[in-house]
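Hello,

Here is the structure you asked to look at. My notes on what turned up follow below.

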Amino acid sequence: MNLLSISSAVVASPLLWSMLSSTHAFVLQPPATTFSITSSRPKSSSPTTTTATHQSRQAQQRRSSLSAVSRKDSYDVTLLPGDGIGPEITEATKVVLEALSKRCGFELKLTEALIGGAAIDAVNDPFPPESLSQCLASDSVLLACIGGYQWDTNPRELRPETGLLRMRKQMGLFANLRPAKVLPQLIDASTLKPEVVKDVDLMVVRELTGDVYFGTPKGITVVDGQRVGFNNMIYSESEIDRIARVAGDVASKRNGKLCSVDKANVLDVSQLWRDVVTKVIASDFPDVQLSHMYVDNAAMQLIRWPKQFDTIVCGNIFGDILSDEASMLVGSLGMLPSASIGESGPGVFEPCHGSAPDIAGQDKANPLAMILSAAMMLQYDLDRPDEARLLEQAVEAVLDQGYRTADIKQEGDGCKLIGCKQMGEAVAKIVAEIELPTGASATTADVNA
C-alpha cells in the first residue's frame, strides 16, 4: 500500500470508514480463475507504473493520501494465523474469501506464514526472516492475532509481541487505522447507554513505529543497589509530519474534523507533536477543523460523549490505549477491524482483538472482525472497494438474521448463538447469494443461475 494518492474508487464504506454518503455501485469483473491456497512463497507482482501516474503521485505526495495497488485478476496474500483463536478465525475467513472470489471472479492466492508464539515454538523466532520475505513479496497481509500465557515469561526477544513490533518496523507500517462504528444491530451489546453510543462513527489514526515502544535508550539497570527500568518517549519531526498527513487525509474524506491527542502540558515530546500537527493541517488541509485534547481528557470524553469525535490522531502509546477504549463503544473487540499501512509495500490488516487463549480451540471465537479486516484489505490494498462493501453487507445481513457469537450475544435478545465455524459459513452463504444492486455486474454463474 502506498500513501501517495487516493483514487475515487478507493473510498471508505459505511461500515468500515464512513467518508462518503453516496452508495457504491458494484463493478464486478467476469470470472477469471478460482480461489487457491498455496504453501509456496508468492512471487512479487508489482505492476509497472506509468510515467504519467508516477508524476501524478509525486505531485500529491506532500498531502500523503491512501491508495491501493492497481486492480488485477489475481493477488498474492500472506496469511498470518498466529496464536490462540487465530487459526480458527483464519479458517472462517478463508471460507468467506473463497465464496467472494468465486462470486466476483478474481483469484486470491493465500499463503500462510509464521508469527508470534507459533513461530517461537517452530523456529525460536517470533517473526522469522522467511515470514518477512513472504510478507514483502505479497500484495497484502492478513493477520489474525498473537500471544498467549505460555510465552509471557520468555525473554523479551522471544515473546510474541516482539515479533509483531518487529514486523511493523521492518515493513514500515507507521500508520494504524482503527474504525469504531456502532451498528444498530449491536447497540445493546455496548456497556454504555444506547443514547450515548447511538450513531457513533469514529476513526483512530495511531502512529505505529515510534514513541516509547521503540525509543532508545531503554532497559533495566541497577542504580544505587536497586533495579531501575526506563524507556524513551521520542518522536522526530518527520515521524509526526507523516502521520499528521495521513490523519489530515482521513479527516478530509470523512467529516472534516480532526482531534489531535497529546500531553503537551507536561511532555516536551507532546509539545513538538502539537506544533507539527498544527503546522501540517493548517498548511495542507485548510478545510479540516483541527482541535487538540490532552490524553486524560480524551479518555474521559470517549466515554462521556463519544459522538463529538470523528477522526482522532495520536502517538503510539496513547493510540494503543484510546483505540481499545473506542472499540468497546461498539460492544466487542470481536467486531472491529484495523489496517496498518506504510509509505510503500503491502499493508497488514488485522482484527483489534487479542488471541483469547482461554477460548482457543473451542469454536467460540467471533471471526467477524477478521472478515471485516479482509474487507479493509480489499478496500485499501487490492483496489476492490465494491467487493469490500459486499463483505460488509454480508456481515450486516448475518447480524440481521439474528446470528451471534458468545461475545455479542445478549440475554433475552432472541438471537441464535453459533460458533466461529458456523458464523464464517453463514457469512459465506450470504456472500454467494446476496442480491447485487441494480446495474451491478454479475459473474457467469450468477447470470446462468
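Helix α2 is mostly covered, with 14 of its 19 residues buried. Please keep in mind that this is a predicted model.

How far apart are the end C-alpha atoms of α2, and does that distance agree or disagree with the span its 19 residues should have? The distance is 26 Å; at 1.5 Å a residue, α2 should span 27 Å, so the two agree. Directly after α2 comes Gly-105, which has a positive phi near 75 degrees.

One partner of α2 (residues 86–104) is helix α12 (residues 385–400): their axes come within 11 Å and cross at roughly 130 degrees. Angles over 145 degrees count as roughly antiparallel and 65 to 115 as roughly perpendicular, so α2 and α12 are oblique to each other. The crossing of these two helices, α2 and α12, is right-handed.

Which residues meet there? From α2 they are Val-96, Leu-97, Leu-100 and Cys-104, and from α12 they are Glu-387, Leu-390 and Leu-391. Sorted by class, this contact of α2 with α12 has 6 nonpolar residues, 1 charged residue and no polar ones.

**Backbone points to check**

Most residues other than glycine have a negative phi, and most peptide bonds are trans.

- Asp-383 has a positive phi near 55 degrees and is not a glycine. Asp-383 sits in the loop between α11 (368–380) and α12. Is Asp-383 buried or exposed? Its relative accessible area is 15%, and under 20% counts as buried, so Asp-383 is buried.
- Asp-224, also not a glycine, has a positive phi of about 55 degrees. Asp-224 lies in the loop between β7 and β8 (226–230). With a relative accessible area of 78%, where over 50% counts as exposed, Asp-224 is therefore exposed.
- Thr-216 and Pro-217 are joined by a cis peptide bond, with omega about 5 degrees. Pro-217 belongs to the loop between β6 (201–207) and β7 (219–223).

**The chain as a whole**

The chain has 449 residues, and 55% of them are buried. Its secondary structure comes to 14 helices and 15 strands. Taking the contacts between residues at least 6 apart in sequence, 79% join residues at least 24 apart.

Regards

Terms used:
Residues numbered from 1 in each chain as written. Predicted model: local features only at pLDDT ≥ 70, side-chain atom pairs only at ≥ 80, totals over all residues. Heavy atoms only, no water. Axes fitted to C-alpha atoms, helices over the stretch in contact; angles between N-to-C directions. Helix = DSSP H or I, 4+ residues; strand = E, 2+ residues; numbered from the N terminus. Parallel < 35°, antiparallel > 145°, perpendicular 65-115°, else oblique. Left-handed = near helix turned anticlockwise from the far one by under 90°. Contact = heavy atoms within 4.5 Å. Nonpolar A, V, L, I, M, F, W, Y, C, P; charged D, E, K, R; others polar. Expected span 1.5 Å × (residues − 1). Buried < 20%, exposed > 50% of the residue type's maximum accessible area, 1.4 Å probe, protein only.
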